Amino acid sequence: MDHVESGEHRTPLEQRLAGLRGGAPQRSLDARALAALAANPGCRRRAVLDAAGVDKTALAARLGSPAPFGQSPFAIARGLRFEKRVKSEGYGELLELLRRHLSLAPPYGRDDDCPVRIAELVADPRLPAQRVASTRAALARATESPGVWTLLDHPLLRLEVAGSPVLLEPDLVVVQPDGRWTVVEIKSFPILDGSADPAKVGAAARQAAVYVLALRATAAEMSGEKPSDDPYDPYARPTGLAGAAADTVLLVCPRDFSNRAAAALLDVRKPMAVTRRQLDRLTRVEQLLDALPEGASFDLAASGADSGGAVGSLAAAYSPDCLAACELAFHCRDEARCAGSVEVLGRGVRGELGSLDTVAAALAAASGTNGTGEANAANGRDGAGTGSGNAGGAGEEAAARLAYAAALRAEALSPALAAAAGGRG
Ligand code: SF4
């Protein structure tokens with residue numbers, strides 16, 4: 001998470017997190033990473049490392065498990081080029097798209113000729129606190145003077161996650177003449193004949209949802225209100241200034257591989273509700289830090305630091321999904337494999353197996369070598385074992401189903417095995 005040095009007084013938590021990171025530069029958390037963190041709220045390891053701003057790519061390499069992860073440099077360069085082009089010539093092409101796709105409440109019509117203003121924002125990356133403040137001031141100014149299109153190019157927003165502030169930087173936020181605030185997400189994947197790769201659009205929607213949450217949190221803080229919406233109802237719209245932040249975002253992409261841009265509105269209410277619920281489930285960072293042993297350090301610049309020991313002291317929640325979402329995936333996968341953990345088989349299998357948390361335990365239950373073979377198979381046959389009256393509950397139920405499946409498999413294979421044996425004889 002981005003506790004970027006602001007040159008201001010650091011809280012004790014920020015000091016502790018900076019101490020863990022040591023002399024290494026801080027890594028900031030973008031909306032993509034925050035969406036990935038929200039997708040695995042049970043992983044304490046990632047939560048602490050992200051909070052401390054540790055470079056997980058470098059840490060994975062230090063632990064001997066570098067993972068090819070993240071966007072290719074070519075894709076990043078292509079994206080930056082496209083964004084620069086769309087914003088060139090006084091944002092002309094972008095404004096055309098904004099006017100075409102964003103409807104305005106009366107008295108502003110579709111053919112509005114409202115003036116355009118580019119907000120003056122602090123852009124120096126070394127001054128995050130000033131950047132946040134200038135974003136707020138620009139939003140306040142634009143809201144107080146309707147009838148103008150105000151563009152905030154790379155504003156900086158703050159969102160509190162697990163008790164710790166995270167800084168987020170959307171590509172653009174526009175304040176419409178009618179006072180509505182809309183997030184604009186610029187991506188380099190193409191919109192072909194009006195449609196785009198659903199996986200890429202989904203990922204863009206999850207990122208944009210994080211920005212809208214941050215925008216609403218900013219609005220609520222600016223107006224001194226607490227958002228009154230139900231965070232888990234995707235269709236609830238907050239009242240007050242927070243309601244100004246639209247729950248649709250404008251996705252801008254290249255049109256049909258051409259140099260021209262196309263745009264589409266995305267409804268991000270569902271990803272917002274999911275992300276909010278997951279972020280609320282994150283344990284507060286202070287509590288997670290208590291699990292670290294005395295002297296733990298993730299200082300990648302210090303040659304003697306036992307980063308592996310510190311990482312190992314934080315509980316992970318590995319699943320194969322991590323391979324597409326986290327730099328430490330190879331390390332955590334190796335760890336889970338060494339422990340014989342069923343997590344490597346995926347969340348679905350993990351959930352089905354109940355308290356059978358190792359592959360060895362699951363195989364033993366299937367073969368009956370855990371001492372309950374016949375009874376398990378009978379339980380499975382009688383309705384997958386209700387587990388009634390058993391202290392084992394879900395674990396016994398899973399064992400019964402495994403044993404039953406193993407018995408069925410053996411039964412199905414036995415004629416073939418007998419035939420094969422006969423043929424050999
Ligand atoms: S790879 Fe490891 S640290 Fe990253 S989210 Fe998965 S379990 Fe957590």
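These legends go with several close-up views of a predicted model.

**View 1. The whole chain, with its confidence.** Residues are numbered from 1 along the chain as its sequence is written. As this is a predicted model, local features need pLDDT of at least 70 and side-chain atom pairs count only at pLDDT 80 or more, while totals for chains, interfaces and linings use all residues. The average pLDDT (the predictor's confidence in each residue, from 0 to 100) is 83, and 87% of the residues score at least 70. There are 15 helices and 8 strands, taken as DSSP runs numbered from the N terminus (H or I, at least four residues, for helices; E, at least two, for strands).

**View 2. Two stretches to treat with care.** Residues 1-7 stay under 50 in pLDDT, and the model gives them 23 contacts beyond four places in sequence; a contact here is two residues with C-beta atoms, placed from the backbone, within 7 Å. Residues 383-391 are also below 50, with 15 contacts beyond near neighbours in sequence. Where pLDDT is low, the predicted coordinates should not be read in detail.

View 3. Leaving out residues up to four places away in sequence, Val-212 touches Val-183, Ala-245, Asp-247, Val-249, Val-268 and Met-272.

**View 4. H7 meets H8.** The axes of H7 and helix H8 (residues 269-281) come within 8 Å and cross at roughly 70 degrees; they are lines fitted to C-alpha atoms over the stretch in contact, with angles running from 0 to 180 degrees between N-to-C directions. That makes H7 roughly perpendicular to H8, a label for 65 to 115 degrees. On the H7 side, the contact is made by Ala-205, Arg-206, Ala-209, Val-210, Val-212 and Leu-213, and on the H8 side by Pro-271, Met-272, Thr-275 and Arg-276.

**View 5. Helix H11 and its partner.** Within H11 (residues 329-338), the buried residues are Ala-329, His-331, Cys-332, Arg-333, Glu-335 and Ala-336. They pack against helix H4 (56-62). Just after H11 comes Gly-340, with a positive phi of about 65 degrees.

Note on methods: Parallel < 35°, antiparallel > 145°, perpendicular 65-115°, else oblique. Buried ≥ 20, exposed ≤ 12 C-beta atoms within 10 Å, placed from the backbone.
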